[in-house]
Amino acid sequence: MAKMRVGILGATGLVGQRFIQLLEDHPQFEITALAASDRSESRSFGDVCSWKLATPIPQKVRAIDVQPCRPPLDCDLIFSSLPSSIAGEIEEDFARAGYPVISNSSNHRMAADVPLLVPEINAEHVKLIDLQRSRREWKRGFIATNPNCTTVALVMALAPLERIFGLDAVSVTTMQALSGAGYPGVSSLDIIDNVVPYIDGEEKKVETEPQKILGLFSNGAVTPASFRISAQCNRVNVLDGHTEAVAVKLKQKATVANLIEAMERFRGEPQQFKLHSAPARPVVVMREQNRPQPRLDRDIERGMATVVGRVREDNILDFKFTLLGHNTIRGAAGAAILNAELLVAKGYI
């Protein structure tokens, strides 16, 4: 079958670059359009992009001329990695023009008619697209989103606990990688020999997005999950991979062994459909006392899994553990690509 033609908004940024890397040789998608800021317009991608990934720019992409971020683009669907300061209206313009928009930006995540997808958890939320098209009078186009990079890793570990035992409360302290701030990101004088205990807007996202993701879809709407979350978010001197220290209070009694079994058995529709980007094991539990570690474990399952370790009882809540997620793969570009694969499988693209 012919591959679907893909356009990327914000193609020159770190997440845009990760889209390009992950889509090279993809069996379903082929990059045909790249868009970025006006200063890059009509110049080849290879000339304007300051490439920061360890693999080279794919040759097919290097020669593509960069276009402005407005329709039309020569593609069938859009991946958006635009900054939130400009993403909202631009994404709506593309959806209105008939393009499916798979967004990594935050602007539309909490809209009542926009799915906030983690396909292993809430694949049924894609039905919000029907409501969205009806409300906004969009025929073919729509917007679907993936969560904040910190949220994705967290909810992958929380989902099996919520399903089996019920969650009452969650406390999470994050140690977030530099790539999450984009390029040029955090100044070296601010982060070397330092931890920055504030990331603008991050704690609110981590404290609100999980309830929508784990919420119940019924009668055309999502009823948010009822558990509470407290988040403290920090930027640390790590290139890729967000580490999170999590404590949970459950509604039902459980043991450490019960939690580990629930996480290791966790599967969803991406695994059932055998989607190209789906991890075989969405949650990987390590038994070593000093794992997971970003440098050693962020690429497990091609960076598409949440890696959990140090599962143990907690003196204040019930249990605590450490988790790790690759923030620009499963936390960004890889999450959006998996969402697109799910939407193809379900007939929305």
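## Cysteines

At 10% relative accessibility, Cys-49 counts as buried, a term for residues under 20% relative accessible area with a 1.4 Å probe and protein chains only. Cys-149, at 17%, is buried too.

A disulfide is a covalent bond between the sulfur atoms of two cysteines. Here the term is applied to a pair of cysteine sulfur atoms within 2.5 Å, and the count is zero. For Cys-49, the closest cysteine sulfur belongs to Cys-69, and a bond is ruled out because the distance is 14 Å. Cys-149 has its closest cysteine sulfur in Cys-233, 9.3 Å away and therefore too far for a bond.

## Basis of the model

The model is predicted; local features need pLDDT of at least 70 and side-chain atom pairs pLDDT 80 or more, while totals for chains, interfaces and linings use all residues. Residues are numbered from 1 along each chain as its sequence is written, and side-chain values use heavy atoms, with hydrogens and water left out.

## The largest pocket

The largest pocket holds about 1,200 Å³ of space. A pocket is an open set of points on a 1 Å grid over the protein atoms alone, where a 1.4 Å probe fits, with protein on both sides within 12 Å along at least five of seven lines; lining residues have an atom within 4 Å of a point. The volume is the space filled by probe spheres set on the points, which are joined across faces, edges and corners.

## Lining residues

The lining comprises 47 residues, and Ser-81, Pro-83, Gly-180, Ala-181 and Gly-182 lie nearest the centre of the pocket. By class, 17 are nonpolar, 23 polar and seven charged, with Gly counted as polar.

Helix 1 (14-23) gives the most, four residues. Helix 4 (84-96), helix 9 (202-213) and helix 13 (329-345) each supply at least two. Helices are DSSP runs (H or I) of at least four residues, numbered from the N terminus.

Note on methods:
Buried means under 20% relative accessible area, exposed over 50%, partly exposed in between (1.4 Å probe, protein chains only).
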